[in-house]
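Subject: Structure for you to look at

Hello,

Here is the structure I said I would pass on. Please open it and keep it beside this message while you read.

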Amino acid sequence: MAFVAHQLFSGFSSSAARNVVIKSVTIIGGGQMGAGIAQVAASTGHSVTLVDASDDILKKSIEAIEGSLRRVVKKKFADKPEAGEEFIRNVMQKVSTSTDAASAVRGSDLVVEAIAENLKVKQDLFRRLDKLAPPHTIFASNTSSLSISDIASSTNRPDKFGGLHFFNPVAMMKLVEVIGTPATSQETSESLMNFSKVLGKTPVSSKDTSGFIVNRLLVPCIVEAIRMYERGDASKEDIDIAMKLGAGHPMGPIELADYIGLDTVKSIMEAFRAKDPDNPLFASSDLLNKLVAEGKVGRKTAEGFYKYK
């Protein structure tokens with residue numbers, strides 16, 4: 001995106017002629033987020049290749065996508081079961097899988113990375129893919145906490161690099177944060193905004209700042225709630241009830257931490273702290289660290305601050 005005086009996403013052009021029309025998408029990472037992005041992209045007519053390290057992981061990803069689609073169909077096609085089955089077939093036909101990222105990106109208009117929150121791993125991935133993807137291909141990271149500029153620095157296409165931060169569960173959550181760096185071209189930003197809209201999402205634009213918009217506000221709030229519980233100011237149940245009934249939140253902050261994953265919350269705060277170590281908002285929590293070290297990271301392990309059956 002072209003920046004004037006470092007202003008972001010100002011004056012989007014309506015001319016699509018200069019923009020990459022995104023038809024084929026490669027998603028690196030078959031976990032919860034990657035599978036969710038694959039589902040919404042395929043549901044809106046895009047050809048999707050989902051990439052991960054093993055066929056076993058990809059088999060689970062496909063099962064997760066199909067299971068999610070069946071929940072959609074149950075509501076959307078309640079009176080038309082045959083139309084629902086056809087919808088599922090049509091979407092699933094749009095999704096292919098691969099364990100070879102190098103070959104998967106060769107025909108892609110957009111590559112979305114949704115792997116572990118590790119800067120070096122992401123940089124190594126994009127450095128390799130940069131040599132293989134066509135010149136027009138846009139690269140995007142689904143990172144929730146790392147600098148897009150830092151990730152993009154491993155490539156020779158910083159103008160075609162941006163952030164596409166989806167929210168979990170992807171099929172239900174309407175928001176996408178579109179992040180541009182000082183090097184991101186306007187055409188790339190427009191393409192990413194348009195792609196998000198085609199997916200049926202509402203995109204918002206953000207500078208490449210720690211946590212972008214949502215996590216910069218949300219995660220320090222979650223960790224402060226954990227500190228309150230840690231200090232004995234209130235029980236975890238009462239903290240969650242108070243925020244639901246007093247602030248209108250659909251889920252309390254400690255419940256939400258378990259839902260997001262305590263390991264993810266911890267990694268986001270660590271990324272914030274690395275950028276601004278003296279900010280008390282980003283101080284660590286001993287209790288959060290302890291639970292993550294014990295492998296009790298929330299719903300995905302059946303135990304975090306709460307236990308789940």
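Below is what was found in the model, which is a predicted one.

The sheet

Start with the open sheet, which has eight strands in the order S3-S2-S1-S4-S5-S6-S7-S8 and mixed pairing. Strand S3 (95–98) and strand S8 (202–207) are the edge strands; each has a single partner strand, so one side of each has no neighbour in the sheet. From one strand to the next, the twist averages 25°.

The S8 end of the sheet

Strand S7 covers residues 175–180 and pairs with S8 in the parallel sense, over six bridges. Two places along this pair can be found by residue. Gly180 stands opposite Lys207 in S8. Val176 has Pro203 in S8 as its bridge partner.

Two loops

Most residues other than glycine have a negative phi, and most peptide bonds are trans. Two spots in this model depart from that. Pro169 lies in the loop between S6 and S7, and the peptide bond from Asn168 to Pro169 is cis, with omega near 0°. Phe212 is in the loop between S8 and helix H8 (214–231). The phi of Phe212 is positive, near 55°, although the residue is not a glycine.

The cavity

Rolling a probe the size of a water molecule over the atoms shows where empty space is left. In this structure there is one cavity of 30 Å³ or more. The largest cavity holds about 40 Å³ of space. Which residues line the largest cavity? They are Lys266, Met269, Glu270, Arg273, Ala283, Ser284, Ser285, Leu288 and Asn289. Helix H11 (262–275) and helix H12 (286–293) are the elements that give two or more residues to this lining. H11 gives the most, with four residues. Sorted by class, the lining of the largest cavity has three nonpolar, three polar and three charged residues.

Regards

Terms used. Residues are numbered from 1 along each chain as its sequence is written. This is a predicted model: local features need pLDDT of at least 70, side-chain atom pairs count only at pLDDT 80 or more; totals for chains, interfaces and linings use all residues. Side-chain values use heavy atoms; hydrogens and water are left out. On a 1 Å grid over the protein atoms alone, a cavity is a set of points where a 1.4 Å probe fits but cannot get out, and a pocket is an open set with protein on both sides within 12 Å along at least five of seven lines; lining residues have an atom within 4 Å of a point. Grid points are joined across faces, edges and corners, and a volume is the space filled by probe spheres set on the points. Ala, Val, Leu, Ile, Met, Phe, Trp, Tyr, Cys and Pro count as nonpolar, Asp, Glu, Lys and Arg as charged, and the others, Gly among them, as polar. Two strands pair if DSSP finds at least two bridges between them. Axes are lines fitted to C-alpha atoms, for helices over the stretch in contact, and angles run from 0 to 180 degrees between N-to-C directions.
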